[in-house]
Amino acid sequence: MQTLDDPSTAADPTDAWTALISRYYDGCSAGDVDLMLETLHPEVVHWFLAPNTGSAAVAGAEHLARYWRKVTGMLRARWVVDSICATTEQAVIEWTMWWQPEGGTERVATRGAEWFTCEDGLIREIRSYYQMRPATTELDGFPYAERGYSVTGAERSTIHPDAEQYGPGGTA
């Protein structure tokens, strides 16, 4: 088990948040409940933007970790942290979920943003903003590759370079 810095007391809160959220996403991508539990406060709440399928909030670390294990298996999903802004109290990220729609042969990208808070060095709340569609959703004309974001054929980013080790075809 890797020890992570508490973002609320770390010398560099952005680095601490990046490590914490990347570790959480690695656990989500691998469907690894124990890895996710290393990052989640026991009373975590994950809020979802409606009207997505399954948009009801998920509460509790164990419940949330098992939820993502199920989703990962159904969608062959991999999450990548693409960008982050952070303070000691909170972090906001842009992310990409790479996945395969049912009956599809190509992986698609769902791009979104999430707002995180922490307590005791663990993720306490997640507010997720995205719309799930069976085709890639992204900003029209945005220079994703030039900014170091994940792109088709490279399900990793400049700040989350090891993302491809977890999830479909990964080693974890």
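Let's start inside a strand: Thr96 is found in strand β4, where strands (E, at least two residues) and helices (H or I, at least four) are DSSP runs numbered from the N terminus. This is a predicted model, so local features need pLDDT of at least 70 and side-chain atom pairs count only at pLDDT 80 or more, while totals for chains, interfaces and linings use all residues. Residues are numbered from 1 along each chain as its sequence is written, and side-chain values use heavy atoms, with hydrogens and water left out.

- Thr96 has 0% relative accessibility and counts as buried; buried means under 20% relative accessible area, exposed over 50%, and partly exposed in between (1.4 Å probe, protein chains only).
- Leaving aside residues up to four places away in sequence, Thr96 touches Arg78, Trp79, Val80, Asp82, Ala109, Thr110, Arg111 and Ser150; a contact here means heavy atoms within 4.5 Å.
- Gly112 sits 16 residues from Thr96 in sequence, and the two are 6.4 Å apart in space, C-alpha to C-alpha.
- Over in helix α1 you'll find Ser29, which also counts as buried, at 2% relative accessibility.
- With residues up to four places away in sequence not counted, Ser29 touches Thr72, Ala77, Arg78, Trp79, Tyr166, Gly167 and Pro168.

**The whole chain**

- The protein chain has three helices and six strands, and from the N terminus on they run α-α-β-β-α-β-β-β-β.
- With a radius of gyration of 15 Å, close to the 16 Å that the globule rule gives for 172 residues, the protein chain is as compact as a globular protein of that length. That radius is taken over C-alpha atoms, and the rule is 2.2 Å times the number of residues to the power 0.38.
- Taken along the principal axes, the C-alpha atoms fill a box of roughly 45 × 35 × 35 Å.
- Of the 172 residues, 46% count as buried.
- Among contacts between residues at least 6 apart in sequence, 55% join residues at least 24 apart.
- The chain exposes about 8,500 Å², and carbon and sulfur atoms supply 51% of it; these areas come from the Shrake-Rupley method with a 1.4 Å probe.

**The largest pocket**

- The largest pocket has a volume of about 340 Å³. On a 1 Å grid over the protein atoms alone, a pocket is an open set of points with protein on both sides within 12 Å along at least five of seven lines, and lining residues have an atom within 4 Å of a point. The volume is the space filled by probe spheres set on the points.
- Its lining has 19 residues, of which Thr53, Tyr67, Val71, Leu75 and Tyr130 lie nearest the centre.
- Helix α1 (13–30), helix α3 (61–75) and strand β4 (90–99) each supply at least two lining residues, and the largest share, six residues, comes from α3.
- The lining divides into 13 nonpolar, four polar and two charged residues.

**Two positive phi values**

- Most residues other than glycine have a negative phi.
- Arg76 has a phi near 55°, a positive value in a residue other than glycine. Arg76 belongs to the loop between α3 and β3 (78–86) and is partly exposed, with a relative accessible area of 40%.
- Asp120 also has a positive phi, near 55°. Asp120 lies in the loop between β5 (108–119) and β6 (122–129) and is exposed, at 65% relative accessible area.

Definitions and conventions: On a 1 Å grid over the protein atoms alone, a cavity is a set of points where a 1.4 Å probe fits but cannot get out, and a pocket is an open set with protein on both sides within 12 Å along at least five of seven lines; lining residues have an atom within 4 Å of a point. Ala, Val, Leu, Ile, Met, Phe, Trp, Tyr, Cys and Pro count as nonpolar, Asp, Glu, Lys and Arg as charged, and the others, Gly among them, as polar.
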